[in-house]
Amino acid sequence: MSELEKPMPEISVADAVRDRVHQTANISTSGIKVKATKLSVYYSDKQAVNEVTIDIPERCVTALIGPSGCGKSTFLRCLNRMNDMIDGARIEGEILLDGEDIYSSKTDVVQLRKRVGMVFQKSVPFPKTIFENVVYGPRVAGVRNRNRLMEIAESCLTRAALWDEVHDRLDDSALQLSGGQQQRLCIARALATNPDVLLMDEPASALDPASTARIEDLIFELKERYTIVIVTHNMQQAARVSDKTAFFFQGELIEAGPTTDVFTKPKQKRTEDYITGRFG
Amino acid sequence: MSSVAKTTALPPALPDHAGLGRWGRIRESLIHWILFTCGVLSVLTTVGIVLVLIIESIPFFAHVSLWEFLTSTNWAPTVRPQHFGALPLINGTALVAIGSGILALPIGLGTAVYLSEYATPWTRAIIKPMLEILAGIPSVVYGYFAIIFFSPIIRWVFPGTKVFNAASACLVVSVMVLPMVISLSEDVLRGVPRALRDAAYALGANKFDVTTRVVVPAAMSGIMASFLLAISRAIGETMAVTLAAGANPRMTLNPLESIQTMTAAIVQIASGDTPANSPEYRTIFAVGLALFVMTLGINIAAQWILARTRQKYE
């Protein structure tokens, strides 16, 4: 077996797993927040996600990894029904949020999206002031009281670790912030609708290492309160921030389990090949 | 031929004339100069027109003070005693431009928002070609359309209105600028990044919220620019307003009255039998110069606003 010996996983990934400063949540004892069963997504004729079944543990970080086009972002976008807006998208299977089917005809999509917030790859502040960006969600939900909006802005910006940097210029344009600040603003904005679940689609892929580190620290803090699902291309990031990791390949869920297990003793050959950098 | 064969065999990204034979080089520089001449031609034309406007206006302003031209409210260049106050003409032009703007801008923006945010591909496929047809109708057709269609309606609603009136000119000019407002506004609305809409939807916004609180504000400067270009077009519009608005230079804000715009005054003098080089003849250059300054100012403002938008979203 010696010549076929498994190559050591990339040092930095192994280090990242070992050096996790924060306590890993025990995903086996956490409740299940979201449960996807045999979820398939088709874009016109092309199948993007194929019968994915996975549990998302409550108040944990679940990382979705895999090569480009593996369906991880598509899966993520099913969790707040963002795929509804894509022409020709069709969804089969079931997603339960706290036991309720989010694709049932009774579901109010607007309410669902308030409960399941989302942060995108590219930070997309609205061309408004910092304040107006944060309170956009509450505003469209009908909150008008200025004091109430101010409280929301302060608490969300604080949770997004941005308050100290912007508290004295809330009325400046959000477009003046740096990339990392804009992304934290988008996180604050997502928090302002008071969600339980936070979806993050490669939230740090456009940021420099320092800003990325801040976002990762923030993810750690946020999982105290929120269930987080993060799509990432960055294996070290998945290893650093997540409690559970799911590896997607060609639209299928190949393997999912506690992050430490997936990175140190993957069950599937393809998972191992991917996390050791043989492809992808 | 050999040089051609040689160039096709070479990789595409070579410096300018490398690998070309002597004739190839001459051909290249010939093409270069022909294209350069085309470019220079438009610059020369612009400079020439502006120079003519200025040079021909100088003798006029030697005869009539700029102060009188810009402040007197009496425009009577062809009758004795002559009066050269352009204010009634500016008033007429402003009345038509603002009146048509008030009508065209909200309708244009509404149509643009509908086309960009709400229309199905099917309705778009009907409306867009219709707008192109609207944009292609000759302005003289619009002019008599105003007289035989809009004017009778206005006279029916407001009895006693003259056949030629500012309101019918406003209506017809608003129809004329509508396609431009719609297509420019729609372009900027569609240019609002999808990510921005997604971000708003992800916050639990519905379509109306996304449109009114995110998409339109994000496109606002482009929309403003399209408004300004439309106003500038309305100011410069000649044929339709000459036919529809009448030939009565007068200070009024009442659209039911017969007025005269700057462009219509130029048509009147230029097509009449005023002796060349007389002050009344030279008014066409002075009024033309004033028109040019107005539209240029507005166009520059529109370009400046558009350039600022582009910076914001790449």
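This is a predicted model: local features need pLDDT of at least 70, side-chain atom pairs count only at pLDDT 80 or more; totals for chains, interfaces and linings use all residues.
Let's begin with chain A. Its secondary structure comes to twelve helices and ten strands, and 52% of its 280 residues count as buried. If you look at contacts in chain A between residues at least 6 apart in sequence, 69% of them join residues at least 24 apart.

One piece of chain A to pick out is an open sheet of four strands, which runs in the order β2-β1-β4-β5 with antiparallel pairing. At the edges you'll find β2 (46-57) and β5 (100-101), each of which pairs on one side only. Strand β1 of chain A covers residues 32-43, and eight bridges hold the antiparallel pairing between β1(A) and β2(A). To get your bearings there, find Ala36(A), which stands opposite Ile54(A) in β2(A).

Now turn to where the chains meet. Here 25 residues of chain A are in contact with 20 residues of chain B. Together the two chains bury about 1800 Å², with 67% of that on carbon and sulfur atoms. The count of salt bridges between chain A and chain B is one: Asp198(B) pairs with Arg77(A), with 3.7 Å between the closest N and O atoms. As for residue pairs in polar contact across the two chains, the count is two. On the chain A side, the elements that give two or more residues are α3 (109-115), β6 (116-119), α5 (136-140) and α8 (179-191). Of these, α5(A) gives the most, with four residues. Sorted by class, this side of chain A has 15 nonpolar, three polar and seven charged residues.

Over all chains, the salt bridge count comes to 26. One of them, within chain A, joins the side chains of Glu165(A) and Arg214(A) at 3.0 Å, N to O. This pair links distant parts of the chain, since Glu165(A) sits in helix α7 (residues 163-166) and Arg214(A) in helix α9 (residues 209-222), 49 residues apart. Both partners are partly exposed: Glu165(A) has a relative accessibility of 26%, and Arg214(A) has 37%.

Chain B has salt bridges with buried partners. Arg197(B) and Glu117(B) meet through their side chains at 2.6 Å, N to O. Because Arg197(B) belongs to helix α8 (residues 194-202) of chain B and Glu117(B) to helix α4 of chain B, the pair ties together parts 80 residues apart in sequence. Arg197(B) and Glu117(B) are buried. Another salt bridge runs between Glu186(B) and Arg124(B), whose closest N and O atoms are 2.2 Å apart. Here helix α7 (residues 166-191) of chain B holds Glu186(B) and helix α5 (residues 121-136) of chain B holds Arg124(B), so this pair ties together parts 62 residues apart in sequence. Glu186(B) counts as buried because its relative accessibility is 1%; Arg124(B), at 19%, counts as buried too. Back in chain A, salt bridges that share partners join Lys33(A), Glu58(A), Asp98(A), Arg115(A) and Asp196(A) into one network.

Ser100(B) lies in helix α4 (residues 87-118) of chain B and is buried, with a relative accessible area of 1%. Leaving aside residues up to four places away in sequence, Ser100(B) touches Leu105(B), Cys170(B), Val173(B), Ser174(B) and Ala234(B). Phe36(B), in helix α2 (residues 22-63) of chain B, is partly exposed at 45% relative accessible area.

Note on methods
Residues are numbered from 1 along each chain as its sequence is written. Chains are lettered from A and ligands numbered from 1 in the order in which they are written. Side-chain values use heavy atoms; hydrogens and water are left out. Two strands pair if DSSP finds at least two bridges between them. Buried means under 20% relative accessible area, exposed over 50%, partly exposed in between (1.4 Å probe, protein chains only). Contact means heavy atoms within 4.5 Å. Buried area is the accessible area (1.4 Å probe) that two parts lose on being put together, summed over both. A salt bridge is a side-chain nitrogen of Lys or Arg within 4 Å of a carboxyl oxygen of Asp or Glu. A polar contact is a pair of N or O atoms within 3.5 Å; within protein, one must be able to donate a hydrogen and the other to accept it, and residues adjacent in sequence count only if both atoms are side-chain atoms. Ala, Val, Leu, Ile, Met, Phe, Trp, Tyr, Cys and Pro count as nonpolar, Asp, Glu, Lys and Arg as charged, and the others, Gly among them, as polar.
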